[in-house]
Amino acid sequence: MKPPLMRDTDALTRAPLAPKHLSPHAKEEWKRIMPLLIARRIITKSDLAGVEHYCAAVGAARTIADTMTTGGLPDLRLAGLHIRYMQTARQLAAEYGLSPTSRTRIGAAVLDDDDADNPLVV
């Protein structure tokens, strides 16, 4: 079992711009997820390379999907590459609380500590 994700004392408070070398699909993903990561206070400057890799994997998977939908016959090599990029993106998403299961770990970690209104607190 993975430990819960915790708020970081060095968490970024503003989203940096997407790296210029990312593909358009990857930049789109960066812009979509970065506000979530900033709001949850779990992303630090040292995490940016991992987030960049996640966005690059999502961007590559989307680019391959676009290519496959415009082609006539299915390309099995592209399909295999697409699957690998999607798996990589899914694995990296879990590291940053971007999947349903990993979000529950964050939810457990960032609950408000105010127990005054909880009748079950002893």
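Q: With the side chain of which residue does the side chain of His-21 make a polar contact?
A: In this predicted model, the partner is Glu-52, whose side chain lies 2.6 Å from that of His-21. The pair qualifies as a polar contact because 2.6 Å falls within the limit of 3.5 Å set for N and O atoms.

Q: What makes His-21 count as exposed?
A: The relative accessible area of His-21 is 59%, and the term exposed applies over 50%, so His-21 is classed as exposed. This residue belongs to the segment before helix 1, the helix that spans residues 24–40.

Q: Why is Glu-29 called buried?
A: Glu-29, a residue of helix 1, has a relative accessibility of 1%, and since buried means under 20%, Glu-29 is assigned to that class.

Q: How do you know which side chains form polar contacts with that of Glu-29?
A: The side chains of Glu-29 and Arg-32 are joined at 2.7 Å, and those of Glu-29 and Tyr-54 at 2.5 Å; both values are within the 3.5 Å limit, so both pairs count as polar contacts. Once neighbours within four places in sequence are set aside, Glu-29 is in contact with Tyr-54, Cys-55, Val-58 and Arg-62.

Q: Why is helix 1 described as oblique to helix 2?
A: The two axes come within 8 Å and cross at roughly 135°. Roughly antiparallel would require an angle over 145 degrees, and roughly perpendicular would end at 115 degrees, so an angle between those limits is oblique, and that is the term for helix 1 and helix 2. The crossing of these two helices is right-handed.

Q: What classes of residue make up the contact of helix 1 with helix 2?
A: There are 11 nonpolar, three polar and six charged residues in this contact. On the helix 1 side the residues include Glu-28, Glu-29, Trp-30 and Arg-32, and on the helix 2 side they include Glu-52, Tyr-54, Arg-62 and Asp-66.

Q: Why are helix 2 and helix 3 called roughly antiparallel?
A: The axes of helix 2 and helix 3, the latter covering residues 76–95, cross at roughly 150° and come within 8 Å. Because angles over 145 degrees count as roughly antiparallel, that description holds for helix 2 and helix 3. Their crossing is left-handed. Among the residues that make the contact are His-53, Tyr-54, Ala-57 and Ile-64 of helix 2, together with Leu-78, His-82, Tyr-85 and Leu-92 of helix 3. By class, the contact of helix 2 with helix 3 divides into 16 nonpolar, five polar and no charged residues.

Q: What makes Arg-41 partly exposed, rather than buried or exposed?
A: The relative accessible area of Arg-41 is 29%; since buried means under 20% and exposed means over 50%, a value in between is termed partly exposed, which is the class of Arg-41. Although Arg-41 is not a glycine, its phi is positive, at about 55°.

Q: How many helices and strands does the chain have, and in what order do its elements run?
A: The chain has four helices and zero strands, and from the N terminus on its elements run α-α-α-α. Of its 122 residues, 31% count as buried. Among contacts between residues at least 6 apart in sequence, 68% join residues at least 24 apart.

Key
Residues numbered from 1 in each chain as written. Predicted model: local features only at pLDDT ≥ 70, side-chain atom pairs only at ≥ 80, totals over all residues. Heavy atoms only, no water. Buried < 20%, exposed > 50% of the residue type's maximum accessible area, 1.4 Å probe, protein only. Polar contact = N/O pair within 3.5 Å; in protein donor to acceptor, adjacent residues only side chain to side chain. Axes fitted to C-alpha atoms, helices over the stretch in contact; angles between N-to-C directions. Parallel < 35°, antiparallel > 145°, perpendicular 65-115°, else oblique. Left-handed = near helix turned anticlockwise from the far one by under 90°. Contact = heavy atoms within 4.5 Å. Nonpolar A, V, L, I, M, F, W, Y, C, P; charged D, E, K, R; others polar.
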